[in-house]
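Biologist: I'm new to this one. Can you put it on screen and take me through it?

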Amino acid sequence: MDVVVEPGLEHQAERARSRQGLLMGLPAMIYLFVFFVIPLGFVVMYSFATRTRTGRTELAGWNLEAYERLGETVVRAVAFRSLWIAAVTTILSLALAYPLAYFISTRRPATRNMLLVGVMIPFWSNFLIRTYAWRVLLDSDGIFTRIMSGAGLGDGRILFTNKAVIIGLVYGYLPFMVLPLYAAIERIDWSLVEGARDLYASGWSAFRRVVWPLSKPGVIAGSILVFVPSFGAYVTPAILGGNKKGLMGSYIVDQFMDARNGPLGSSLSVLVLVVMLMGTLVYFRQGGRSL
Amino acid sequence: MGKGVALSTAEPMGATRWLLRGHSALVYAFFYAPIIVLVFYSFNESHLVGRWSGFSLRWYEAFVQNDNIQSSLWVSVKICAASTVISVVLGTLAALSIERFRWWGQKAFDAVLYLPIIIPDVTMAVMMLVFFGETAQLFNVIPGVDLTNGLEKLVLSHVAFNISFVSVVVRARLANLDEAMEEAAADLYASRWQAFRRVTLPQIMPGVLGGALLAVTLSLDDVVVSSFVSAVGATPVSVYVFGMLRKGVSPLINAVSVVILAASMTLVMASLVLERATSSRKR
């Protein structure tokens, strides 16, 4: 016997369900609207607002001055220095993480889980403290400096330089690189590699022609996850860096704390946001899902 | 590992193999050496950070006796607890609403929900500073709300980023669940609420707890947003320590750091154990 489905009833039930879903999401939606979307709107508004003589920001006299200032030599130097540091951090992280991710994903499941936990623990440990640990390590009479000078590897005093900042950033964000790389390499169908080897590909060319292309989504995801926070980093340069106002994150903070230039600070924040959004778009275009 | 091919295909041979192993060992050393050095020096008797002069617990005593640190720890505990509870409720509901229902505007909500995860700290901090600067007066009109007190601003801004993280964790859990169970409950005349409470909730509980642990961790971790919104008298421990760090190293900070690190590592371990326990039960 056929079940007669009343289209009207079915439709109504569907609408009731959809309403229920909306209702469940509503509290979070309202919250994020008030405490995320509106604040974001304020920052965008600030970037077009006027700065009064006293350093207050007035939501009137809309202008593009704060964006024009992004072209100034000082600001450009800060932006390029940050881009450079973020790029070096990303490349170093990739160089460190790729072999590790490859190693982890080619272990037996039990070993693999243990090795992954080993990456996860620093990943979720307090970021501030982990950065501070490098301050202790790199201290002028700390272990690193003494090992370097003891081994005759030149002056190991790199604290308060960009080198120290890069070490700190690589240290802080390395797990962001390892985990997506691991996810990508672990998924590879190794019979393809076996096929390449059967066709007399050398180990190296099998890697270059098969493994590397297949792991590319992981490379891209990891690079974005490292690059974006490195570009806007504030804590790491503040603890390990020298010129405290020379990088994007600190420069933005300074606009609000000391320089009292809300519009410029806001246009810089919008710039960081644009870099982030571009990165995210590439990430999702590459088929990336969640973190 | 794909399709039952022997591990040997993936394992490089000869020197490369040992290079790979050596490299991995070095990266793990890189991960853990700084932490170990920090823990080691926190027991240093000397007040010079880099010089070892003997084992002592004096810096831990100083930590316990320091009222400023103690009160900032208490502030952190309060913010953590409040922001975690709120974001777990809101985040779980959001996860259910996106994963289990289809409604108009869902895609947009989903996109906004991702933003707090990927937005750089500094931008989020600026957003909160500007927002509270412009609207605190409006909020203060509401009876019982006083945003001049930093505590409430801290909770509000921590919830703003934690909702998203909680919902991601809960959604991952929901995506792996079989909806058939809920349908079976409905077929057996359970009301939707009963089906939720008796079937769905117990199943997503590990995800909810995982999300809660993540929220606690992130709330404890946050420095940038908190230092932008905290007011005098309500400084969370991360902001307090950050202020100390910028002035320079001291063995007291080492001791404080080790305590915070121990707390955050305990949380990670707890969440990993939790995950392990629930995933093995499923198999």
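This is a predicted model: local features need pLDDT of at least 70, side-chain atom pairs count only at pLDDT 80 or more; totals for chains, interfaces and linings use all residues.

Biologist: Where in chain B is confidence lowest, and where is it highest?
Modeller: Confidence in chain B is lowest in helix α1 (residues 7-10), at a mean of 62. Helix α4 (residues 67-100) has the highest, at 94. The score is pLDDT, the predictor's confidence in each residue, from 0 to 100. Helices here are DSSP runs of H or I with at least four residues, strands are runs of E with at least two, and both are numbered from the N terminus.

Biologist: And where in chain B is the pLDDT below 50?
Modeller: Over residues 1-5 of chain B. That stretch has 12 contacts in the model beyond near neighbours in sequence. Contact means heavy atoms within 4.5 Å.

Biologist: What's the mean pLDDT of chain B?
Modeller: The mean is 85, and 94% of the residues in chain B reach 70 or more.

Biologist: OK, folds. How many helices and strands in chain B?
Modeller: Chain B has 12 helices and zero strands.

Biologist: What about chain A?
Modeller: Chain A has 12 helices and two strands. From the N terminus, the order is one α, then β-β, then α elements to the end.

Biologist: Now the overall dimensions. What is the radius of gyration of chain B?
Modeller: Chain B has 24 Å, while a compact globule of 283 residues would have a value near 19 Å. The radius is taken over C-alpha atoms, and the globule rule is 2.2 Å times the number of residues to the power 0.38. The C-alpha atoms of chain B fill a box of roughly 70 × 70 × 30 Å along the principal axes.

Biologist: How much of the contact in chain B joins residues 24 or more positions apart?
Modeller: Such pairs account for 68% of the contacts in chain B with a separation of 6 or more. For chain A, 64% of the contacts between residues at least 6 apart join residues at least 24 apart.

Biologist: Let's zoom in. Where is Y28(B)?
Modeller: Y28(B) sits in helix α2 (residues 14-42) of chain B.

Biologist: Buried or exposed?
Modeller: Y28(B) is buried, because its relative accessible area is 14%.

Biologist: Which residues does Y28(B) contact?
Modeller: Leaving aside neighbours within four places in sequence, Y28(B) is in contact with L100(A), I104(A), L115(A), L116(A), G118(A) and V119(A).

Biologist: Over to S215(A). Which element holds that residue?
Modeller: Helix α9 of chain A holds S215(A). S215(A) counts as buried because its relative accessibility is 0%. Beyond neighbours within four places in sequence, S215(A) touches Y98(A), A184(A), I185(A) and I188(A).

Biologist: Backbone next. What is the phi of F160(A)?
Modeller: It is near 65°, a positive value in a residue other than glycine. Most residues other than glycine have a negative phi. F160(A) is in the loop between α6 (143-150) and α7 (162-186) of chain A. F160(A) counts as partly exposed because its relative accessible area is 39%.

Biologist: And Y200(A), what phi does that have?
Modeller: Y200(A) has a positive phi of about 65°, although it is not a glycine. Y200(A) lies in the loop between α8 (190-198) and α9 (203-231) of chain A. Y200(A) counts as exposed because its relative accessible area is 78%.

Technical notes:
Residues are numbered from 1 along each chain as its sequence is written. Chains are lettered from A and ligands numbered from 1 in the order in which they are written. Side-chain values use heavy atoms; hydrogens and water are left out. Buried means under 20% relative accessible area, exposed over 50%, partly exposed in between (1.4 Å probe, protein chains only).
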